[in-house]
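Hi everyone, thanks for coming.

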Amino acid sequence: MQCHTETISIKYHQTDGSGVLSPTALLEILQDAAIDHADSLGYTLDYMAQYQWGWAVIHWHIVLFRMPTHAETIQAQTWCNKCRKIQAERSYTLQDENGNPIAKAMSRWVLMDFAKRKPTTVPEYMMKNYVANPTPAIEEETYAMPKEPIGILIGQQQFTVSRCDTDTNGHTNNVKYLAWAMEDIPDSIYQNMTLHDIRVVYRKECKRHDVVQTKTYLQQNGDTQTILTFITDTKNTILCEIQTIWHTNL
């Protein structure tokens with residue numbers, strides 16, 4: 001099986017105030033490409049529902065060369081480079097119409113048995129069908145993230161998970177965590193710097209009506225700003241950690 005390839009036109013609603021693709025829309029594109037790839041192999045949502053299975057993403061790492069702009073046509077490629085036991089690893093590349101790189105990304109997923117609310121072993125036939133290319137988009141990816149706050153506290157929020165935050169599995173969609181974290185990015189950084197790197201670690205699910213809170217920290221190193229957001233429940237149990245790295249525009 002070859003890589004799954006999609007041609008995508010950036011829509012207006014996917015862009016931010018600068019007319020470029022927003023970070024959350026970028027994550028949606030990657031998530032949709034994974035779903036479309038699974039559909040092409042026959043592992044549709046209906047197929048998975050028969051067994052009460054579902055893939056839950058636990059890590060993202062996205063390296064950005066630039067963000068595409070409104071009405072730009074890009075090509076997304078994704079493939080499964082590793083699948084064993086209960087986990088699968090998925091690679092991505094994004095390119096413009098001339099074949100120039102826009103981004104590369106890696107993600108790690110766990111196959112969940114939603115009836116038992118725990119991970120389950122990936123069937124052998126599924127492993128064989130998924131793994132197309134053992135070459136990862138990012139070599140020697142470890143998904144490493146700081147586990148403690150770094151820098152100074154620059155923002156915090158508390159809110160209740162709403163209906164529109166949840167997906168078909170009943171828990172908060174992985175894109176929403178990034179959306180929450182982006183709200184704590186200062187305008188001076190979001191509007192005047194370039195996003196270069198996104199890392200996300202999901203540690204525990206949350207559901208509709210849950211109360212969650214964010215704490216966001218900033219560390220500056222020359223022309224680079226590193227922002228780390230911890231999303232927790234009211235008992236300070238970490239649900240998700242998100243790190244973004246921003247560079248000064250040249």
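Let's start with strand 2, which gives six residues to the lining of the largest pocket, the most of any element. Strands here are DSSP runs of E with at least two residues, helices are runs of H or I with at least four, and both are numbered from the N terminus.

Before going on, some housekeeping. This is a predicted model, where local features need pLDDT of at least 70 and side-chain atom pairs count only at pLDDT 80 or more, while totals for chains, interfaces and linings use all residues. Residues are numbered from 1 along each chain as its sequence is written, and side-chain values use heavy atoms, with hydrogens and water left out.

So, what's a pocket? On a 1 Å grid over the protein atoms alone, a pocket is an open set of points where a 1.4 Å probe fits, with protein on both sides within 12 Å along at least five of seven lines, and lining residues have an atom within 4 Å of a point. Points are joined across faces, edges and corners, and the volume is the space filled by probe spheres set on them.

The largest pocket holds about 1,000 Å³ of space. Its lining has 39 residues, and the closest to the centre are Trp55, Ala56, Val57, Trp109 and Asn169. Among the elements giving two or more residues to that lining are helix 1 (23–40), strand 5 (101–113) and helix 4 (174–182). By class, the lining splits into 22 nonpolar, nine polar and eight charged residues. Nonpolar covers Ala, Val, Leu, Ile, Met, Phe, Trp, Tyr, Cys and Pro; charged is Asp, Glu, Lys and Arg; the others, Gly among them, are polar.

Now the second largest pocket, at about 240 Å³. Of its 14 lining residues, Val20, Met67, Tyr190, Met193 and Leu195 sit closest to the centre. Strand 8 (residues 193–202) gives the most here, with three.

Last stop: Ile138, in the loop between helix 3 (124–130) and strand 7 (152–160). Is Ile138 buried or exposed? Ile138 counts as buried because its relative accessibility is 11%; buried means under 20% relative accessible area, exposed over 50%, and partly exposed in between, with a 1.4 Å probe and protein chains only. Leaving out residues up to four places away in sequence, Ile138 touches His61, Val63, Lys104, Ala105 and Met106, where contact means heavy atoms within 4.5 Å.
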